[in-house]
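User: Hi! I'm new to reading protein models. Could you walk me through this one?

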Amino acid sequence: FNKLIKSRYFKKLVVISQALKSIYLENKYLDNSLIQVAHDGADEVENFNDKIKLLGPKDHLKVGYVGHLYEGRGIEIIIECAKKINNMSFHLVGGLEKDIAYWQNYIEQLKLSNVYFYGFVSPKETSRYRNSFDIVLAPYANKVTIEGYGDTSKFMSPIKIFEYMSHKKVIIASDLPVIREVLNEKNSILVNYENIELWIKAIKDLEYSNNKDHLSKQALIDFKKFTWKNRAHLVI
């Protein structure tokens, strides 16, 4: 890294969050002017009506999650919510086979019938699933690992968040400082990760709330500055 920043070709360091920039500044690696924040992003959705047929009752409100299932991703939060909310279905897309087997065994022990796993699907195909959800969850823990290692919770910029925004969805996410760099009370619902009752309440309140459309529309409006194309313009 030291060799890289001393190169005569080095122009600037691009980081994915203000929190990550602060870490570099606190350690005096580079001056403020040489570090640029460019959050992660997503592609714009071409067709919001391109949906997939989900498992479970058609009349249930569909709560979705797309991503990995390992430690720090909040899968236990989703299952706890499913235990307490019987009139909604919970859909989890993604995950390694061993992780899916672990959680499926867990819900079988709990005798839950409103949780559905879809396993790995291609990135392109995940768009159809997001289109089919009514509510999407990003229950990041206070420690977020990458395949079980490390902790990125202090400086991450989850692509999941931007993909949810791009699909014009009502987002319920963990209230972490780094998440607040993108989400706020106008474009999402932010919840203390450790308070399961607040997660349950947030989901239940949306069932008859008139605020769903406002939140989802604002999420899409705010997403426009986070497209990959706009990110490229920003960096260049």
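User: Is Phe1 buried, exposed or partly exposed, and what is the relative accessibility behind that?
Analyst: This is a predicted model. In it, Phe1 has 41% relative accessibility, so Phe1 counts as partly exposed.

User: Which ring does Phe1 form an aromatic pair with?
Analyst: With Tyr29, edge-to-face, at 5.7 Å centre to centre and 80° between the planes. Phe1 sits in the segment before helix 1 and Tyr29 in the loop between helix 2 and strand 2, so the pair ties together parts that are 28 residues apart in sequence. Ring pairs also link Phe1, Tyr24 and Tyr29 into a cluster.

User: New topic: which residues touch the most other members of the largest nonpolar core?
Analyst: Among them are Phe90, Met165 and Ile172, in a core of 62 residues. Helix 3 gives the largest share of this core, six residues. A second, separate core has nine residues, including Leu13 and Tyr24.

User: Last one: how many cavities of 30 Å³ or more does the structure hold?
Analyst: One. The largest cavity has a volume of about 40 Å³. Its lining has seven nonpolar, three polar and no charged residues, and includes Ser17, His39 and Phe162.

Key:
Residues are numbered from 1 along each chain as its sequence is written. This is a predicted model: local features need pLDDT of at least 70, side-chain atom pairs count only at pLDDT 80 or more; totals for chains, interfaces and linings use all residues. Side-chain values use heavy atoms; hydrogens and water are left out. A nonpolar core is a set of buried Ala, Val, Leu, Ile, Met, Phe, Trp, Tyr and Cys residues joined through side-chain atoms within 4.5 Å. Buried means under 20% relative accessible area, exposed over 50%, partly exposed in between (1.4 Å probe, protein chains only). Helices (H or I, at least four residues) and strands (E, at least two) are DSSP runs, numbered from the N terminus. On a 1 Å grid over the protein atoms alone, a cavity is a set of points where a 1.4 Å probe fits but cannot get out, and a pocket is an open set with protein on both sides within 12 Å along at least five of seven lines; lining residues have an atom within 4 Å of a point. Grid points are joined across faces, edges and corners, and a volume is the space filled by probe spheres set on the points. Ala, Val, Leu, Ile, Met, Phe, Trp, Tyr, Cys and Pro count as nonpolar, Asp, Glu, Lys and Arg as charged, and the others, Gly among them, as polar. Rings of Phe, Tyr and Trp (its six-membered ring) pair if their centres lie within 6.5 Å; planes under 30 degrees apart count as stacked, over 60 as edge-to-face and the rest as tilted.
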